[in-house]
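Open the model in your viewer and keep the sequence panel beside it. The stops below run from the whole chain down to single residues.

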Amino acid sequence: VMIALLIYNLFLSASLRDVTYLYLATLLASAAIFEVSQTSILEIYLAPSLYQYKTQIIGLSSAAMMASLILFFVSFLEAKRIVPSLYRFDLLLLGFVLLLGLATFAFNYHQVAVIFSPTIVLIVAFNMTTVIVAWRRGLQAARFLLIAMMGLLACILVFILARMNIIPVSAVTENAFRFGFVWMAIGSSLALADRINILQAETAKANRELRDSESRLSQTLEGLPIGVAVYGSDQTPSFINKRTMDILTNPDRKFGPDLSLKRTLTEAMSYYKFRVAGSDQAYPLEEFPIYRALLGEASSADDIEADLIDWRVPLELWASPVFDSVGKVESAVIAFQDISERKRKDAQLEQYREHLEHLVERRTAELGATNEWLSMLNRVRQAVGGTADLPPVCDR
C-alpha cells in the first residue's frame, strides 16, 4: 500500500508541479525504508552489505519521516501565511529533527530512539493543532488531514503503550504504527485530492468573476467617447474600442485598424504615417506616448496627426504603463481623441482675436487722429485769443 501510494504521489508531484505531493512521497519513501530495515528485509533480501548500518538507516529514515511530515504540514496548510506563529515553531521542530538524524552517527541508536517516539508524538499532536487552526480560518481541505492525523496519532500511541507494557502486546498493537501510516497516507492523499477540487472550484469561480469583470470593463470602454487601445509588452495591440475604429478609419479607402493583423507599434506608425501637427515631419517613435508608456513612463501629446489618405486627423493622446506584481511593465493603455473640432474653434478664436486686434488698432488710430485735430484746434483758438467765430473745443 505504501509503495503504491508513493508511486501515485510521485506521479502527481511531477504532473501537477506541486511540492506538497513531493513531501508526501518523501514521507512514504522514508516510511518504506524504515519498514524494510525494521523488519530486516533490507539486510536479508535487498542489500545484505548494509547490515552494519542498520541502526543508522532506521534512525535516518525515522528523522526523514518526521522532517517530511513537518514539511508536508507546512506546505499543505500554507502555514507561513495562515498560521505564521505556528509556522515558526514548526521550523524549530524541523531543526531539532535534523539534529536527531545526525545524532544517530554520534550516539548509540537506543539512546536516540528514546527521543524519537515522544518527538513524533509531539510533531503529530502539534500539527493537529495547526490543522484545526487552519480549518477554522477557512482552509476547508484540512478536514481530511485532521482525520488522517487523528488515526496516525491513535495508532502510534497504541504502539508506544504496548512497548511500555501498559497495554497487552499483540499482533495488532505491534503493527499499530504500520496501520497508522497507511491510514495517514490514504487520508493525506484524500486531503490533497480534496484540496485540488476546492482549488479547481475556486479557480472556476475566479475565472467566471474575471470574465464578468472583463465583460463589464469591455462594455465600459466601448461606451467611452474617446479611443482606447491596450498594447502588450511585445508592442502589439490586444484591445481597441469602437471609438478607436471611428477615429482612425477611412471607409472609402477601406483603411483603418485591424486587431487581427497584430500590427506592432512600429508598423502602426508607418501605416498611419503619424506626423508632427501642421508639418510633413514624421513623428519620432521614441516620443510617441504609447512607446514611452511601455518603457514605464506616463506620457501625453497633442501635436500628432494621423494620415488617413484623404485627410489628416489631429490627435491628443495620453498613455500610461500597467505594472505586474513585481513592478515590471506588462502592458500599456493609450487613450486619444480627435481634436479636429477643437483645432477649428481654436483657429476661429485666433481669427477673432486678430480681427479684434485690427479693430482696436484702427480705432486707436482714429482716436489718435481726432485728439490730434482737437489739440490743433485748441492751439489755434488760443492763438487768436478765443475768437467767437471759431467753434468751441470740446473738453472731451
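Start with the surface of the whole protein. Its accessible area is about 23,100 Å², and carbon and sulfur atoms account for 61% of that. Accessible areas here come from the Shrake-Rupley method with a 1.4 Å probe, and for residues only the protein chains shown count as cover.

A word on the source: this is a predicted model, in which local features need pLDDT of at least 70, side-chain atom pairs count only at pLDDT 80 or more, and totals for chains, interfaces and linings use all residues. Residues are numbered from 1 along each chain as its sequence is written, and side-chain values use heavy atoms, with hydrogens and water left out.

**Whole chain**

Switch to cartoon. The protein has 14 helices and 6 strands. These are DSSP runs, numbered from the N terminus: helices are H or I with at least four residues, strands are E with at least two. The radius of gyration is 43 Å, well over the 21 Å that the globule rule gives for 396 residues, so the protein is more spread out than a compact globule. That radius is taken over C-alpha atoms, and the rule is 2.2 Å times the number of residues to the power 0.38. Along the principal axes, the C-alpha atoms fill a box of roughly 150 × 55 × 35 Å.

Colour by burial next. Buried residues make up 39% of the 396. Buried means under 20% relative accessible area, exposed means over 50%, and partly exposed lies in between (1.4 Å probe, protein chains only). Now contacts, meaning heavy atoms within 4.5 Å. Among those between residues at least 6 apart in sequence, 56% join residues at least 24 apart.

**The cores**

Which residues touch the most other members of the largest nonpolar core? Select Phe76, Leu77, Val124, Leu145, Met149 and Phe181, out of 63 residues in that core. Helices that each supply at least two residues of this core include α4 (54-76), α7 (109-136), α8 (142-163) and α10 (176-222). A nonpolar core is a set of buried Ala, Val, Leu, Ile, Met, Phe, Trp, Tyr and Cys residues joined through side-chain atoms within 4.5 Å. A second, separate core has 28 residues, among them Leu265, Phe274, Ala319 and Ala332.

Return to Leu145. Leaving aside neighbours within four places in sequence, Leu145 contacts Phe72, Phe73, Phe76, Leu77, Val131, Ser188 and Ala191.

Step to Thr130, in helix α7. Thr130 is buried, at 0% relative accessibility. Beyond its neighbours within four places in sequence, Thr130 contacts Leu77, Val83, Leu86 and Asp90.

Now Ile147, in helix α8. Ile147 is partly exposed at 45%. Draw a distance to Leu12, 135 residues away along the chain: the C-alpha atoms are separated by 22 Å.

**Two loops with positive phi**

Most residues other than glycine have a negative phi. Select Ser40, in the loop between α2 and α3. Its phi is near 70°, a positive value. Ser40 is partly exposed at 23%.

Gln235 sits in the loop between β1 (227-232) and β2 (237-240). Phi of Gln235 is near 65°, also positive, and Gln235 is partly exposed at 22%.

**Last stop: a surface patch**

Select Ile41, Ile44, Tyr45 and Leu46. They make a nonpolar surface patch of about 460 Å². Ile41 is found in helix α3 (residues 41-46) and is partly exposed, at 34%.

Terms used: Patches are made of residues with over 30% relative accessible area and no salt bridge: like charges are joined within 9 Å, nonpolar side chains (Val, Leu, Ile, Met, Phe, Trp, Tyr) within 5 Å. A salt bridge is a side-chain nitrogen of Lys or Arg within 4 Å of a carboxyl oxygen of Asp or Glu.
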